[in-house]
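Subject: Structure handover

Hi,

Here is the structure I promised to pass on.

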Amino acid sequence: MDLFSEIYSCYYQVLRHLLSSHGALTIQDIRSRICREGFEESLLSIIPKIESGAWNLFEKDGGLYLSKLSPSFLTPLSALEKSYLKALLSDPRIGLFLEPAQLEALRRMLSEVPPLWRPEQFYYYDRFSDGDPWQDESYRHRFRTLLQAQKNRQYVDIDYISPNGKRLHHPYIPARLEYSVKNDKLRLLALKPSKYGRMKLELLNLSRIQSVRPIEKVLSSHVDLNAWIRNSYYKEPVTLHIVNRRNALERAMLHFANYEKNTSKIDEDTYECLIYYNKNMETELLIEVLSFGPMLTVIGNERFLHSLKSRLHRQISLMNYSKNDDIIMGFHVKS
């Protein structure tokens, strides 16, 4: 296991909690902990390494696994981790999560540490240039207010300008904040109460929110916000087959990280990924799938396949370019 990974930091947190366990764990205990604290696809990477002993972190006694480390072990930051943290401080989005005083304190603490990378070293060739105003303090304040309300299940009054320019004012319950890599924007999934007591799930762009004000009203604890989001999904997820060549599986998990999904292994180098989505997510998911490349094959559902083929044919007609329907522009689609 690498000493540090900026991509799979979640794995390290999961393993830290497993290694801190006071008693022996069954493999099912470990699976449950990974699913609860990590991602569904984390099982694909972590479980085989534990069962085979490749990471040499647990003593195996029959069907039980016992940590080789003391539950109170400490993990001081390495020079590489400090360098990574220094690089994060140059990301304008870090100001969403830290107050100016906290940022300044961290910069002083890491003043002698060289950053692992600098922002000017990256060129984003497939990302829109009109991203959210990450360094605007009023935008940061609105984000923190929404994040706190989402954690507390608290109602908020939102003043919003719709894409067609109409100004709207409604109470909402923030359910989830999501980041779009391609758009470089944040969006809010929120429940909008109606006068009949029903809830409607809406998608709001944070940059279009003009003001946010918390209301002294909290959502009942028996209402499951995640269930509301899941209920908005189409019945059939998008089914993708990923051939794990040129690190395709890892790239796909990062590429579709903001979607709820379930990934399983089909054979030695092929994985099936089910992505759950709703009408508001459909267009962006379509664009992201198209941009991935030939290591990915779309198997279904029929609704998504129809939209995908229609979009590909429109692109072909625009370019006055034709290929076989099954393999278009290097992208694989099931007939």
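Predicted model: local features only at pLDDT ≥ 70, side-chain atom pairs only at ≥ 80, totals over all residues.

Residues are numbered from 1 along each chain as its sequence is written, and side-chain values use heavy atoms, leaving out hydrogens and water.

**Overall build**

The protein has 10 helices and 14 strands. These are DSSP runs: H or I of at least four residues for helices, E of at least two for strands. The C-alpha trace spans about 60 × 55 × 45 Å along its principal axes. Take the contacts (heavy atoms within 4.5 Å) between residues at least 6 apart in sequence: 62% of them join residues at least 24 apart.

**Surface and charge**

Of the 335 residues, 37% are buried. Buried means under 20% relative accessible area, exposed over 50%, partly exposed in between, with a 1.4 Å probe and protein chains only. The protein exposes about 19,700 Å², and carbon and sulfur atoms supply 52% of that. There are 46 positive and 40 negative charges, and their mean positions lie 5 Å apart. Lys and Arg count as positive, Asp and Glu as negative; His and the chain ends are not counted.

Cysteine 273 is in none; its nearest cysteine sulfur, that of cysteine 35, is 15 Å away. Cysteine 273 is buried, at 0% relative accessibility. Cysteine 35 is partly exposed, at 36%.

Best wishes

Methods. Areas by Shrake-Rupley, 256 points an atom, 1.4 Å probe, with all protein chains shown as cover. Charge placed at Lys NZ, Arg CZ, Asp CG, Glu CD. Disulfide = S-S within 2.5 Å.
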